[in-house]
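Visitor: Can you walk me through this one? I'd like to start with the chain contacts and then get to the strands.

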Amino acid sequence: MAFFDIKGLVTPFTALKQFGKAPHTVTFPYHKKETAQRYRGLHFNDLEVCIGCGNCSTICMNEAIDMVNLEQIEGKAGDSGLRPRVDNGRCCWCALCVEVCPTGSLNLTKDYIYVTPDADSFLWTPGVSNPEGKDNISFHSDVDTSLSMFDRVPMPELDGKERVKSFAETMLYYTEEAAREEASRCISCSLCTEVCPDHMHIPEYINAIAKGEDDDAIRIIYDNNPLGEMCGKVCTRRCEDVCALQVRGDAVAIRWLKEYAVGRAETAEMLKEIVNPDIQEPNGKKVGIVGAGPSGLTTAYYLALKGFDVTIYEANEYAGGMVMYGIPKYRLPMDSLNKQIDYMKSIGVKIKFNTKVGKDITFDEIYKEHDAVFVGIGFQKPYSIGIKGEDAQGAFPAVNLLFDVNSGKTPDMGNKVVVIGGGNVAIDGARVSRRLGAEVVIMYRRRVQDMPADWEEIEGAEHEGVEIMPQTIPVEIITDDNNKVKAIKYLKAEMVADDKGGRPRPVPIEGSETIMEVSSVIGAIGQEADYSFLPEEYRNSIEINRGRMVVNEQMQTANPKIFAGGDAVNRTADAISAIADGYRAVKAIEKFLMN
Amino acid sequence: MREKATTLYLGPQHPGITGNMMIKLKVEGDTVVKAQTHVGYLHRGFEKLMERRNWLQSFTIVCRICVPEPDPNELNYSRAVEEIEGREVPERAEWIRTLMMELSRLASYLLWFGGQNGSAGLYTMPQWSVGDRDYILDLFEELTGGRVYHMYIWPGGVRRDLPNGFTDRVLQTMDYLEKRLKQYDQLMFENTIFQRRAQGIGWIDPAKAVEWGVVGPPLRAAGFKSDVRIDDPYLIYDQLDFEVPTQQGSDVWARALVRRTEFQQSINMVRQIIDKMPGGPVYNKIPNPMKWTIPAGDAYVKAESARGEFGYYVVSDGSNKPRRVHVKGPAYVHGVTLLENILEGANISDVSFIMNSLGTCPPEIER
Amino acid sequence: MTENSLDKEQQIVNHLVGTFQNLTGKVKRNRRIEVSIEKKQITSVLNYVKDHLGFIHFSHMSCVDWLEDGYFELVYILWSPEQKIQLLVKALVDRENASVENADMIWRQLNTYQREIREMFGVNFIGMKGDKEFILEDWDNMPPMRRDFNTVDYIQEVYFERPGREDAQNVRETISKRTGEEIPEVATKYSRD
Amino acid sequence: MPNDKNSQKIVDIIKNAARKHSLFVLAYGTGCGAIEIPPTMTSRYDAERFGIRGMATPRQADVLLVTGYLATKTLKRVIRAYEQMQDPKYVIGFGSCTINGGMYWDSYNTIKLLDKYIPVDVYINGCMPRPEAVITGFIELQKLIAEGKADGATKYKENLDWYRANQKKVIKNWNMPDYNW
Amino acid sequence: MDTNSWISILGFIATVVLAFTVGVSYGGIVRKITARIQNRVGPPVYQNFFDIFKLYSKSTAVNHGWMQHLGPAFAITASVTSLMFIPVLNGQGEFWFANLNFKGDLIFLLYMMVFGSLGMALGAGQTGNPNSAIGVSRGLSQMVGYEIPWVLALVALMLQTKSTSITGIMDYQIAHGTWMMFESPLAFIAALMAMLGMFHYAPFDVTFAPAELSSGPASEFGGKYLAMMMTSGSIFAFVKLALFVDIFMGGASNLIMLVVKTFLLYMVPVLYGIVSPRYRTEQSIRYFWGWPTLIGVLGVLYVVFVR
């Protein structure tokens with residue numbers, strides 16, 4: 001230590017030079033410093049984009065986010081109607097809520113100043129409290145940075161060239177690992193359960209799969225759907241249309257996850273062991289069910305569990321109805337369906353096969369013999385195409401083709417088939433025809449994106465070499481002298497915007513008439529129910545409106561003893577609605593009979 | 001002459017205390033005869049909180065464990081999780097993490113420059129250095145969206161890529177800091193009075209230092225070339241060119257010099273990082289955070305913070321929440337046993353001064 | 001860092017396994033060794049590795065509560081500045097009346113760690129000096145870091161919550177109320193948390 | 001102190017003007033928000049522009065900053081410090097933790113609602129509040145003082161029993177002198 | 001009372017007002033200058049007035065015994081009394097605001113200035129706050145430190161001017177047409193170095209050292225007490241500066257001159273304080289007993305042997 005260190009005493013005084021410099025102080029509030037481009041300030045929520053999935057509320061470790069009802073927001077399909085409200089007395093601005101927001105509606109803004117003497121005023125409804133926040137968004141998530149997993153685990157499937165060789169299942173379905181990964185994408189928001197006609201407990205069973213508890217998943221599925229595996233393979237899965245993830249990415253493969261879960265049980269015995277249902281003591285009441293379609297089977301299964309004596313009357317050799325006969329086997333193998341039906345039989349459901357009501361047994365007998373009757377007859381009768389020559393040989397409806405093929409027959413299609421229609425049945429018809437060795441063309445009036453069929457089905461068809469001719473209107477089937485189909489005449493159409501704001505209509509282009517040589521024409525433009533089995537008196541006692549049985553909310557017809565469900569009631573022509581009808585009818589029948 | 005001993009409570013409310021803690025001093029005249037640290041004023045039970053939070057949620061709270069320097073916490077937590085899970089981190093993310101670590105070291109040293117001189121009564125220095133620290137906070141804000149709590153380094157990488165033009169602004173700030181460092185030198189390191197205050201004060205016996213658990217700048221000031229960045233290399237420190245400065249004095253002055261040299265080293269390292277940073281993704285995406293589970297296992301990871309070795313012991317039981325996250329901050333030893341020990345015989349004037357030189361930070365002691 | 005340089009680590013493990021009975025060890029990765037010992041061996045092993053194997057720096061001590069299995073796991077984390085190896089010494093202690101011998105004469109800073117663990121887990125370190133209270137003050141409940149201590153119950157009992165958030169809705173309930181869906185028992189444990 | 005600006009006496013207006021422009025802050029970093037106090041008080045944001053400066057002891061200070069969460073152990077000291085402060089005195093609550101527990105809402109060792117234990121005049125939103133927000137908080141406090149509305153201390157005196165009951169619920173070993181001024 | 005008495009009293013009141021205003025304004029200016037050196041804007045120059053008014057408006061409900069009341073009262077009395085001995089202005093042999101002065105008042109003033117500190121010490125000691133107690137003992141130790149060179153310098157002056165009154169020294173300067181700082185530079189340097197200690201700016205702020213002792217003797221003083229202490233401190237600052245100007249810099253013939261001279265003088269401890277950390281107490285005392293005392297002794301020797 002130097003006793004007198006002149007340098008060390010003098011050098012610090014160089015600091016005094018700073019006196020001449022302008023201060024670098026940010027003279028807030030007179031001069032504000034712009035916050036950074038990704039500053040994490042107060043929340044902003046785009047109320048229109050938000051679907052109220054509540055994922056932000058779940059991820060928030062501070063439990064700062066509540067989902068609340070807002071006046072201006074109504075719940076609808078795919079929107080819970082709730083919106084997040086942030087308790088700024090809890091928030092730590094970690095922005096995890098932004099990172100997990102599947103729609104990207106929740107963001108943080110550059111505003112951060114909120115000062116008040118009132119401690120109770122820190123509840124902040126983003127988007128309502130700061131409507132101007134939209135211009136101020138700073139921290140946000142896009143598809144790349146978001147923590148939502150937008151990419152679906154790819155589903156392995158047979159190659160198109162392989163597929164057309166046989167009726168083997170085209171989808172190979174998830175392995176355990178893939179299923180866990182796919183299931184873990186789900187954010188458990190439950191928006192899907194609302195649009196599911198059967199309101200299956202989707203988030204729960206997916207969560208069970210994600211946690212590796214497949215058995216519990218099966219039990220949850222069997223809570224209100226006894227045909228889980230069938231649904232897993234062929235359901236129209238409206239749930240996936242409202243999946244929170246599909247806003248910015250791929251929906252969770254709900255259907256395939258269900259297939260995965262129930263598919264774990266390879267036999268009916270295993271299924272019974274896993275589901276291990278609680279079968280109640282017989283209560284002595286008898287219920288008769290017309291038709292072993294999805295709605296009938298569902299009704300039968302749950303009634304049987306509740307101790308009813310249930311008998312199904314089925315016209316065909318196998319149970320399943322349209323599911324059995326209307327869906328090609330490469331989508332739904334017979335073993336799979338039989339396994340599920342065997343399981344139902346094992347818990348006491350009785351099915352009388354080859355018993356056509358109205359022919360082998362009268363409806364009256366059934367009515368009298370049972371305490372209640374459930375009618376689940378479905379749509380068997382196809383609509384006609386309504387063009388000239390449709391009664392020609394080689395022109396037939398797709399359902400008939402499917403029925404024949406599924407019954408083991410191999411109809412002669414010729415080498416060139418035209419399928420008319422754009423629904424799933426049309427695609428099925430086309431793909432079946434392809435497997436029978438024909439060249440297939442699908443004619444549809446509108447554009448491909450307008451086709452009501454599943455995009456997966458359309459893609460599958462294309463992979464298999466089916467040609468799709470959109471905006472094509474068939475006008476005439478040209479027959480040869482033996483009244484055999486020879487060619488089809490069609491018009492090209494252009495899409496014209498609808499003045500009333502509806503979807504664009506196809507309008508034929510004058511002079512675009514073309515003739516195509518074909519060997520068969522398959523119509524697939526819809527079906528209707530056949531009530532010929534019902535005697536007049538019953539037909540009068542229940543109300544039938546435009547081919548549809550009218551029921552109340554409990555699936556009860558005007559005749560209190562007769563319940564109905566399925567396609568013939570709801571006209572949606574999908575299995576899950578039929579199952580939902582059946583499930584609802586169970587409760588109604590129980591209430592009707594037990595009180 | 002033996003004076004009557006009085007008891008002096010330094011803290012918790014006291015301008016000279018770092019953070020919120022208390023030292024109970026038994027004083028004879030101006031000399032401390034016994035010191036006892038009392039902590040717990042900032043105890044929040046982090047480890048308990050994390051039992052209720054899942055792996056991702058926990059990442060947002062770890063940065064609160066050490067307020068002046070949150071980034072080593074985020075880094076350690078993320079590295080521990082990655083080690084247990086076996087998750088790969090993209091190379092660019094590692095570089096950005098290193099950049100964060102060095103910037104945070106700079107910020108922490110600037111705060112320390114202020115604290116050390118504030119406790120010595122040179123109030124111009126905190127005004128300068130804490131003001132300058134704000135420029136680094138501005139960089140953090142631009143990069144991470146937060147000034148103090150960045151919540152930026154997370155398992156799998158970092159949250160966002162560098163914004164446009166960010167590297168230029170980092171380099172500008174480094175130039176500015178280098179210029180200011182000369183002024184700091186003139187005001188502080190070349191100041192006779194500061195030297196007289198600091199020399200020979202707060203001596204740690206170098207023969208015992210390692211055994212006593214001294215880490216970081218105090219250990220290097222005792223002559224040990226000990227630095228986690230070299231001893232147990234992590235991130236991309238093995239690709240950077242830097243030296244570990246040591247001093248022999250083992251007193252406050254030696255520690256100050258070590259920090260002074262490291263400050264310059266960090267500026268150089270930031271420049272190297274900016275220079276060499278590779279491209280590529282910054283984030284290996286984790287699964288849906290609500291359903292993200294980590295296989296059972298444990299890991300002890302450590303990083304060199306501005307105050308020394310920062311360790312995290314993380315245990316997973318295979319569920320979606322951590323079983324145990326136990327944090328070891330450098331202050332855990334510095335602030336309790338070591339401080340109590342070297343304060344004995346010190347002058348009261350030097351208590352706060354010595355405490356600052358050790359980098360005591362109570363929130364990481366009690367968490 | 002080379003992958004094949006685990007020899008040094010393996011040597012130490014082998015040496016330890018050879019020296020102590022009932023000691024198992026493994027190399028976790030480079031610079032990380034883990035050994036499991038019995039509770040009564042703690043001081044002897046710690047002393048041995050400190051004096052003979054160069055693990056002179058005490059890094060950390062932790063305690064993990066394995067409530068379901070009924071024991072605490074004490075973890076002593078040591079560092080050898082010469083060999084640059086981190087050694088984790090683990091010992092299991094019964095949860096009931098957990099007590100271990102005091103080791104703070106080996107490293108005096110261990111005293112702090114042990115005091116924390118005594119306070120947070122209720123593990124008794126036989127013969128340890130130091131105030132009973134370290135971090136907490138006037139704590140009269142179960143040691144809080146034990147897993148069976150329920151924080152939520154405790155905070156509801158002791159602290160306040162600001163009113164005004166009672167109108168919060170649950171998305172799942174809102175939807176199921178709207179649709180009339182009944183969620184079965186088996187599904188409830190898979191509901192969103 | 002009258003609550004309405006119109007009914008303030010001229011003396012009060014002058015007093016309040018002086019009080020407003022001279023806020024002595026107790027240098028007590030109770031929680032992590034203390035980390036934003038140095039930037040606020042130093043050259044970059046320089047709160048001294050508003051007459052805000054740090055004071056070493058409660059006796060000299062006017063404003064108590066509760067910078068975030070309060071561990072129960074600290075709460076005891078904060079109450080003590082607050083009671084030692086001389087009238088008129090003000091409290092500013094920083095960040096989420098003082099409002100509704102913040103991220104420590106389920107911690108067993110931190111209080112959640114600061115205003116149950118000591119009266120709070122102004123809350124600042126944030127975690128942590130930036131220096132700008134802190135300064136805004138001070139400006140708000142100045143406004144309240146000028147209007148004569150920053151009367152937390154009066155409220156505290158009037159409702160002392162209620163506050164004491166809440167405080168004693170958390171602080172089990174109550175050995176503090178009475179508050180009698 | 002006669003007119004002269006009235007004029008004296010008026011002059012005295014004017015002096016107090018002047019001293020208060022100048023002292024407090026200087027405080028504000030110092031804060032501003034400090035701020036600029038610290039790269040910031042700083043408070044307005046009138047900030048200290050606000051502070052003092054506000055503190056006067058605060059309630060003071062703390063009671064640590066009557067000595068605590070007396071402490072600040074002592075301080076303010078001492079400062080005002082000291083002020084009364086300071087001739088503020090000079091001119092043509094007349095002294096304006098001369099107030100009280102008599103032969104030997106310089107020595108009396110020395111005691112008076114210590115008296116204030118002692119009063120504070122008693123008051124602070126009464127509070128029972130250990131910080132205060134330590135602060136007081138430090139303050140007294142340091143006072144012992146700087147009093148030695150200070151007294152030595154004054155002795156040199158008194159020997160040289162053969163006067164023990166301030167007016168006498170001022171007369172001497174006027175008569176010789178010079179300033180004592182040039183006449184007796186060693187004494188001036190010694191006094192200047194001692195003055196650094198008197199103002200309690202760094203590095204000699206050991207008494208109030210916040211990082212060590214909260215704020216030392218003032219720890220338990222708030223509200224009006226603190227205001228009184230600040231007032232007395234401001235007046236004392238003026239007293240010291242005016243005294244220095246009077247005895248070393250030839251006094252001031254008008255207010256502007258006074259302000260300029262005192263301000264320049266004031267800048268010495270202030271600027272030194274801005275760039276210096278604090279000494280430890282014993283370092284501080286060692287400092288005063290080192291160079292300043294040596295120079296002071298030399299100054300006395302110079303006067304005795306050279307003049």
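This is a predicted model: local features need pLDDT of at least 70, side-chain atom pairs count only at pLDDT 80 or more; totals for chains, interfaces and linings use all residues.

Visitor: How many residues do chain A and chain B put into their contact?
Guide: Chain A gives 32 residues and chain B gives 27 residues. Two residues are in contact if their C-beta atoms, placed from the backbone, lie within 7 Å.

Visitor: Which elements of chain A give two or more residues to that side?
Guide: Helix H1 (6-10), helix H2 (55-59) and helix H3 (96-100) of chain A. Helices are DSSP runs of H or I with at least four residues, strands are runs of E with at least two, and numbering goes from the N terminus.

Visitor: And how does the chain A side divide by class?
Guide: 19 nonpolar, nine polar and four charged. Ala, Val, Leu, Ile, Met, Phe, Trp, Tyr, Cys and Pro count as nonpolar, Asp, Glu, Lys and Arg as charged, and the others, Gly among them, as polar.

Visitor: Switch to chain D against chain A. What are the residue numbers there?
Guide: 29 residues from chain D and 23 residues from chain A. On the chain D side, the largest share, eight residues, comes from H5(D), which is helix H5 (131-146). That side has 13 nonpolar, nine polar and seven charged residues.

Visitor: Which strands join across A and D?
Guide: Strand S5 (residues 115-116) of chain A and S5(D) run antiparallel, with two bridges. Val115(A) stands opposite Ile124(D). Two strands pair if DSSP finds at least two bridges between them.

Visitor: Now chain B. Why is strand S6 called largely enclosed?
Guide: Eight of the nine residues of S6(B) (residues 297-305) are buried, so the rest of the structure largely encloses this strand. Buried means 20 or more other C-beta atoms within 10 Å of the residue's own, with C-beta atoms placed from the backbone.

Visitor: What does S6(B) pair with?
Guide: Strand S7 (residues 308-316) of chain B, antiparallel, through nine bridges. A hairpin of two residues joins S6(B) to S7(B). Ala299(B) stands opposite Val314(B).

Visitor: What is the strand order in the open sheet of chain B?
Guide: S1-S2-S3, three strands with antiparallel pairing. The edge strands are S1 (5-10) and S3 (31-38) of chain B.

Conventions:
Residues are numbered from 1 along each chain as its sequence is written. Chains are lettered from A and ligands numbered from 1 in the order in which they are written. A residue is buried if 20 or more other C-beta atoms lie within 10 Å of its own, exposed if 12 or fewer, and partly exposed in between; C-beta atoms are placed from the backbone.
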